[in-house]
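Work through the exercises below with the model open. Try each task before reading its solution.

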Amino acid sequence: GTCTIEEVIKQNNQAVALLDGKHFHEAIQTAALALQRLRKVTRKKSERVALKQGNECIDECMLAHNVGGPSDDDVIDEFIYRSGIILPSVVTDSALITSALVFNTALAHQLFAAAMDQQDPLCHALLRKAK
């Protein structure tokens with residue numbers, strides 16, 4: 001069916017909720033699907049999203065959800081972000097949406113790998129995908 005920017009944003013925010021709940025595999029799947037849907041939405045001429053100057057900033061979105069804030073989780077080290085980027089429903093900047101989805105997908109891979117046994121080959125594969 002037809003997908004809208006609003007649905008992509010909802011799916012991004014669902015991926016962040018899954019990350020927060022430590023459901024890393026599901027977060028990866030949800031964020032990846034949102035990226036695919038965003039490509040379809042931005043390809044359609046009728047739904048082409050305009051880039052806005054200075055109105056929407058990824059840093060503001062990161063700060064709003066405390067990305068990289070303190071954590072009591074000893075599995076996560078100080079060099080890995082702990083939270084994904086939640087997007088406000090009013091975002092129209094496709095570059096911002098894409099950046100948030102790529103960040104959240106990579107973060108899900110990193111957090112999934114960090115929660116695994118470091119000797120597991122899947123751990124290393126997940127970290128490579130996070131690059």
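**Exercise 1. Find what share of the chain is buried, then describe its fold elements.**

Step 1. Of the 131 residues in the protein chain, 41% count as buried. Buried means under 20% relative accessible area, exposed means over 50%, and partly exposed lies in between (1.4 Å probe, protein chains only). This is a predicted model: local features need pLDDT of at least 70, side-chain atom pairs count only at pLDDT 80 or more, and totals for chains, interfaces and linings use all residues. Residues are numbered from 1 along each chain as its sequence is written, and side-chain values use heavy atoms, with hydrogens and water left out.

Step 2. Take the surface. The accessible surface of the protein chain is about 7,900 Å². Carbon and sulfur atoms hold 53% of that surface. The areas come from the Shrake-Rupley method with a 1.4 Å probe; for residues, only the protein chains shown count as cover.

Step 3. List the elements. The chain has five helices and zero strands. From the N terminus the order is α-α-α-α-α. Helices (H or I, at least four residues) and strands (E, at least two) are DSSP runs, numbered from the N terminus.

Step 4. Check the contact range. Among contacts with a separation of 6 or more, 65% join residues 24 or more positions apart. A contact means heavy atoms within 4.5 Å.

**Exercise 2. Determine which residues leucine 35 touches, beyond those up to four places away in sequence.**

Step 1. Leucine 35 is in helix H2, which covers residues 24–43.

Step 2. Classify it. Leucine 35 has a relative accessible area of 15%, so it is buried.

Step 3. Read the partners. Leucine 35 touches Thr98, Leu101, Val102 and Thr105. The C-alpha atoms of leucine 35 and threonine 98 are 7.0 Å apart, across 63 residues of chain.

Step 4. Look from the other side. Threonine 105 is in helix H4, residues 94–114. Its relative accessibility is 13%, so threonine 105 counts as buried. Threonine 105 and isoleucine 28 are 77 residues apart along the chain, with C-alpha atoms separated by 5.5 Å.

**Exercise 3. Locate threonine 92 and lysine 22.**

Step 1. Threonine 92 is in the loop between helix H3 (58–64) and H4. Its relative accessible area is 27%, so threonine 92 is partly exposed.

Step 2. Threonine 92 lies 83 residues from isoleucine 9 in sequence, and 9.7 Å from it in space, C-alpha to C-alpha.

Step 3. Lysine 22 is in the loop between helix H1 (5–20) and H2. Lysine 22 is not a glycine, yet its phi is positive, about 65 degrees.

**Exercise 4. Classify arginine 39: buried, partly exposed or exposed?**

Step 1. Arginine 39 is in helix H2.

Step 2. Its relative accessible area is 46%, so arginine 39 is partly exposed.
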